[in-house]
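Please consult the sequence and the structure shown here alongside the points below.

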Amino acid sequence: MTVGLGFGEGDEGVAVSVRSAAPAWSYSGLIWNFALRDIKSRFKGTLLGWAWSIIVPVATVIIYSVVFSAIFRAQPPPLADGRPGNYAVWLLTGLVVWTGFSNTLNTAVGTLLGTGSLLQKIYFPSYAPVVGSVISSMMQTGIEAVILLVILVAIGNVGIAWLSLVIWIPVFVIFVTSVTYILATYNVYFRDLAYLITVALQLFFFLTPIIYPITLVPVSSHGIPVRALIEANPLAQFVESFRSILYGVSVPSVTSWAILLAWTAAAMGLAVLTYFRRGLDIGEQI
Amino acid sequence: MSRQDVAVALDDVSKRFMLSQERRTGLKERVVRGKSRPGKAVWALKDASFEVPQGTTFGLVGHNGSGKSTALKVISGIYRPTSGDVTVNGRLSALLELGAGFHPDLSGRENIRLNGSILGMSRREVEDAMDGIIDFSGLEEFIDSPVKIYSSGMYVRLGFAIAVSVRPEILAIDEIIAVGDEEFQRKCFDHLHDLRRTGSTILLVSHSLGIMEDLCDTAVWLDHGEVRGLGDARGVVRDYVASVNQREAAAAPLEDRETAEHVADRHGSGEVRVDRVTFHDNDGSPVSIVLPGQAVTVRLRYTARTQIDAAVFGLGFVHESGVTVAGPNSAQLGPWVVPAGAGVVEFRIPELTLQPGMFMVRTAVVDRGHTYDHADNQATLKVRGSGEAEPGLVRMAGQWQPPRPDPRAAAVTSYPEARGVQS
């Protein structure tokens, strides 16, 4: 068996590598084992174990529902068939997307630093531990999504439009994975990034229409196109389209899909660029 | 040598590291002071070329920072060379620090899966090897408990059991055989022996020259990233030892001054004093590292304040473990007359019987119960490993006789029925 030469461009110009030119899927075993490690160790030592993955989102929905629905009297959009909306269900639809993004970013951004000693001793691509960590975080989101689906079916808010999830989910996962890989890699070079992300995520939580409907945002205020700005946030696009599919039971518009795909393609391109610019020499930097 | 027979080939490989004055990993530094200026370039490898034939064991020797580990990391793909070509024919794996990559909260079984895949085994390979690994580790009872409850011994056993289950075509080992207890080291050597027999190529970095000479067929000697020697392992190691000796000899005057002041435990009446002890080879040039079997002269420089009519000179070789291995003295030649002034006494060893290790040298000048001078820790004789390593502190003189038939045994075998009864 001969291992081919892989070429990659680093800061020093063209560098030649002996690294296996094996395709990414040949690392699937390793990625899966990294994911299993994170999944299995997550609730080790807790009394309630995996029950927490249900308790936490349910508690969050209850808290926000009480605050926004009971105290601020926020009006959720009506259900697909025109029945009056349910704030808790509507909120959960947005929260699933948001926590999928923010939890993954928060937990996976430190993965490369955490795997550092191994990366210095043996070669495996730097995306392997990151993708493993993303998978384990997404598992949590999957559980929340299943709860959401069960609730929606129970209240009879189902439709053929749900099938568009088949496209929406992979697009979302690729987007989140790309953003996470970029930030996890740069976190090795600038370790402040992990803290910066925590702050930025708090800001973005309010800049994304999760607890409020986008229609509540004025189109323009003091000459600033506020709503357009908020819609420019890719997370807003993901939340809105996910809500449109599940809560509104309607396929998102072509424009909406185009924006999602554009953001995802951009994130993926940047991730690949990051991998070739920074990810190949990560063993030297940790 | 055709390319087919080569497991690993380096072709003018260089690796440069940039040493910035300080690493700007913080965003604040980056913003406040701007992009860090490119620092000094350090060449960890400089146009290094060598080939490792398929199925052989190859050693990398050199002092600290000579580029051995960098070479190994470039071969393993952890570092990318700045220039040059690296060719690796076959699946390469590394013998990791045992237990590196273990997750404390996962069970032994789960850690086997994780570690196996880090070492490049496929899922099926890991599952196939699972029972063997558990069996080898002897941890059946604990295999489904988290490894954080393991004792450090169990940890190492599990790590080792996983490591030996990996059967790579090329194995890279960086200085890990030096760690662990006697039993572990023996197991490690057995494993390496096994791999060699089955045709694996082994790349080895170790500071233990004895190990290098023992295990390696060929070796490369790296010095500041450049290849200084390449070829037969024994020859390369000898050249390397010679160069270390030379360098240490050049640095010796300073060292002597220091040790002279630090000689502890000197006692005696002081009419004569042994000031310095040095070691010399056949040509009389000073050496600080010797090999077993080598001719060594121990030179004692003394100063006598007055003439001494009867004196016996003695030496003590104390192994680092505290055992006095030998104590040659001049008593059998009768007492010597030592004239006043400075002089030299020599003890010539035609063939050093000491085994590899550090030996503290003690000197004494006595006369029937009276001690003129007695000093511990006069000098340290460093004996480096050589190919024919044997256990023990000294090499016993003697000759082995090859196997030959035993006349008594021959008498037994001539009775077939008697043999039948025995079996």
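In strand β12 of chain B, B:Pro286 is the bridge partner of B:His280. The model that contains this pair is predicted.

**Sheet in chain B**
- Strand β11 (residues 272-280) of chain B runs antiparallel to β12(B), and two bridges join them.
- These strands belong to an open sheet of four strands in chain B, with the order β12-β11-β14-β18 and antiparallel pairing.
- The edges are formed by β12 (286-287) and β18 (341-349) of chain B; each has a single partner strand, so one side of each is left without a neighbour in the sheet.

**Helix crossing in chain A**
- Helix α7 (residues 165-189) and helix α11 (residues 254-277) of chain A cross at roughly 35°, and their axes come within 8 Å.
- The crossing of α7(A) and α11(A) is left-handed.
- Residues making the contact include A:Phe175, A:Tyr181 and A:Ile182 of α7(A), together with A:Trp263, A:Met268 and A:Leu270 of α11(A).
- By class, the contact of α7(A) with α11(A) comprises 13 nonpolar residues, four polar residues and no charged residues.

**Confidence**
- Chain B has a mean pLDDT of 82, with 84% of its residues at 70 or more.
- Residues 254-262 of chain B have pLDDT below 50, and this stretch has three contacts in the model beyond near neighbours in sequence.
- Over residues 418-423 of chain B, pLDDT stays under 50, and the model has two contacts for them beyond four places in sequence.
- For the complex, the predictor gives an ipTM of 0.76 and a pTM of 0.73.

Technical notes: Residues are numbered from 1 along each chain as its sequence is written. Chains are lettered from A and ligands numbered from 1 in the order in which they are written. This is a predicted model: local features need pLDDT of at least 70, side-chain atom pairs count only at pLDDT 80 or more; totals for chains, interfaces and linings use all residues. Axes are lines fitted to C-alpha atoms, for helices over the stretch in contact, and angles run from 0 to 180 degrees between N-to-C directions. A crossing is left-handed if the near helix is turned anticlockwise from the far one by less than a right angle, and right-handed if clockwise. Two residues are in contact if their C-beta atoms, placed from the backbone, lie within 7 Å. Ala, Val, Leu, Ile, Met, Phe, Trp, Tyr, Cys and Pro count as nonpolar, Asp, Glu, Lys and Arg as charged, and the others, Gly among them, as polar. Two strands pair if DSSP finds at least two bridges between them. pLDDT is the predictor's confidence in each residue, from 0 to 100.
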